[in-house]
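User: I am new to this structure. Please walk me through how to read it, one feature at a time.

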Amino acid sequence: MTSKNNKDTSSVLKQAVKELRRTKQELNKLQQERHEPIAVIGLGCRFPGGVDSPQKLWNALLDGEDLITEMKDERWPADDFYDPDPEAIGKLYTKCNGLVDEVDQFDADFFGITPNEAILMEPQQRLVLETTWQALEHANIPTESLMGSKTGVFVGICHMGYSHMQAESLALEDISPYSGTGNSHSVASGRLSYLLGLQGPSMSVDTACSSSLVSIHLAMQSLRKGESDLALASGVNLILEPTTSMIFARAGMLSPDGRCKSFDAAANGYVRGEGAGTVVLKRLSDALADNDDILAVVRGSAVNQDGKSQGITAPNELAQEKVIREALKDARVTANEIEYIETHGTGTPLGDPIELAALNTVYGEDRDRSLKVGTVKSNMGHLEAAAGVAGFMKLVLTLQHEQLPKNLHFNEPNPYIDWNNISIDVVTDNQSWDSRVRMGGVSSFGFSGTNCHMILEQAPIEPLPSEETSPKQLGNSSIANC
């Protein structure tokens with residue numbers, strides 16, 4: 001009996017060990033999927049100053065171009081609305097904006113949209129279509145190949161200027177169903193899914209200034225969960241009428257001289273900018289298997305909310321620290337591995353010191369070199385719902401080209417920032433970025449309180465032909481070990 005009992009016990013133990021191994025393998029697989037890096041394989045954009053391609057964006061950044069102009073009559077008669085007195089009712093104390101060219105032009109026939117529908121269609125929807133088409137071409141993906149696919153669409157959008165303009169100018173008999181589909185935020189994403197026959201998740205996201213980075217975060221989550229096999233994440237913002245600018249002017253948010261002087265002593269608010277950007281995303285394992293041209297890799301991201309702060313639009317330093325730590329945890333990297341942050345950096349006296357203090361608390365501990373920071377807002381202004389995707393694209397190009405472009409309008413450090421006791425330097429000249437493994441972060445904060453932080457890494461390094469590696473082995477050890 002004892003022998004039989006021993007055999008039975010041994011059999012049970014062996015089976016238990018098998019089950020434990022299987023469970024561990026399943027858990028490891030789930031953990032791997034939960035943290036799988038996401039490849040960036042395509043970019044499309046329309047930004048101020050005629051920047052309508054990734055290459056033009058990179059050239060503008062490297063040349064230190066100031067893409068802000070003084071508005072004349074492009075959107076409204078600027079002189080009629082201008083008054084240097086910030087208390088003047090119905091006026092604006094600045095005429096500066098970062099404007100996109102020819103937003104009134106649209107090839108409706110190309111996108112299968114009738115002339116009557118096109119007239120009532122929000123130009124922000126048009127920009128999403130155009131930049132997404134460009135991004136798919138950049139990724140070498142034929143649009144017809146996506147019909148019926150699990151491709152997700154995530155669009156950051158917040159303003160409704162065109163709807164307000166129509167309400168003021170249209171007669172009652174001119175109202176049609178196109179007035180609804182043309183101006184609904186939900187249709188900004190839904191129209192793209194409809195046009196290309198996409199059957200993955202499709203949603204429009206409004207978290208104010210963090211909308212487009214949150215959209216990229218949601219796209220990543222959808223890819224990791226298997227809801228989507230490909231994801232298109234966009235952000236769009238247009239300045240079509242003056243009342244929205246008046247709201248920000250009355251709140252004292254806008255810079256009278258119309259520049260984002262981020263981290264500078266002269267920081268006095270931000271200048272509004274407009275544009276659109278779309279990024280094409282895919283799970284890294286799929287991008288490698290499909291031999292895609294990988295521009296950069298998103299390692300991790302996080303979203304949270306300020307909760308109770310000094311005011312509903314006021315930033316919360318502790319909440320910013322938390323979202324950064326969560327993004328690092330999701331990316332499974334340490335703070336010391338991050339060398340550059342594309343900041344929110346609006347150039348407001350309140351926001352800049354809080355943002356750098358939060359960055360220093362998380363990234364400043366035990367660093368062997370200073371953290372570099374900059375912001376694309378110094379070139380093109382604050383693109384609000386499209387601000388996050390603009391910063392994201394800048395970081396992708398920075399990683400790809402191994403250079404840090406200079407931050408504009410930084411002449412005298414902001415005295416409210418304790419520069420002597422933080423491990424942070426603003427990039428004031430173009431610098432080479434020749435680290436063995438380049439990693440950076442990008443932040444975007446909404447005035448509604450929604451914060452997003454994301455960690456990006458250079459594209460995988462191809463192994464040399466002479467190296468004894470498997471076809472999918474990566475030279476980038478930090479990715480290979482994830």
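**Reading the model**

User: How many disulfides does the structure hold?

Analyst: A disulfide is a pair of cysteine sulfur atoms within 2.5 Å. The structure holds zero disulfides. Take Cys45, which is in no disulfide: the nearest cysteine sulfur belongs to Cys260 and is 18 Å away. Cys209 is in no disulfide either, and its nearest cysteine sulfur, that of Cys158, is 6.8 Å away.

User: What should I know about the source of these values?

Analyst: This is a predicted model, where local features need pLDDT of at least 70, side-chain atom pairs count only at pLDDT 80 or more, and totals for chains, interfaces and linings use all residues. Residues are numbered from 1 along each chain as its sequence is written, and side-chain values use heavy atoms, leaving out hydrogens and water.

User: Are those two cysteines, Cys45 and Cys209, buried or exposed?

Analyst: Buried means under 20% relative accessible area, exposed means over 50%, and partly exposed lies in between (1.4 Å probe, protein chains only). Cys45 has a relative accessible area of 0%, so Cys45 is buried. Cys209 also counts as buried, at 11% relative accessibility.

User: What share of the protein counts as buried?

Analyst: Of its 482 residues, 56% count as buried. The protein exposes about 21200 Å² (Shrake-Rupley method, 1.4 Å probe). Carbon and sulfur atoms supply 51% of that area.

User: How many helices and strands are there?

Analyst: Helices (H or I, at least four residues) and strands (E, at least two) are DSSP runs, numbered from the N terminus. Here the protein comes to 16 helices and 15 strands.

User: How compact is the protein as a whole?

Analyst: The radius of gyration is taken over C-alpha atoms, and the globule rule is 2.2 Å times the number of residues to the power 0.38. The protein has a radius of gyration of 24 Å, close to the 23 Å that the rule gives for 482 residues, so it is as compact as a globular protein of that length. Along its principal axes the C-alpha trace spans about 100 × 60 × 50 Å.

User: Where does helix H15 run, and how far does it reach?

Analyst: The expected span of a helix is 1.5 Å times one less than its number of residues. H15 covers residues 387-401 and has 15 residues. From its first C-alpha to its last it reaches 21 Å, close to the expected 21 Å. H15 is mostly covered, with 13 of its 15 residues buried. Just after H15, Glu402 takes a positive phi of about 60°.

User: Which helix do the buried residues of H10 pack against?

Analyst: Contact means heavy atoms within 4.5 Å. The buried residues of H10 pack against helix H3 (78-81). H10 spans residues 242-250, and its buried residues include Pro242, Met246 and Phe248. Gly252 follows H10, with a positive phi near 75°.

User: How do I read aromatic pairs?

Analyst: A pair of aromatic rings is described by the distance of the centres and the angle of the planes. Rings of Phe, Tyr and Trp (its six-membered ring) pair if their centres lie within 6.5 Å; planes under 30 degrees apart count as stacked, over 60 as edge-to-face and the rest as tilted. The structure holds eight aromatic pairs. Phe106 and Phe111 are stacked, at 5.5 Å centre to centre with 0° between the planes. Phe110 and Phe111 are edge-to-face, at 5.0 Å and 85°. Ring pairs link Phe106, Phe110, Phe111 and Trp133 into a cluster.
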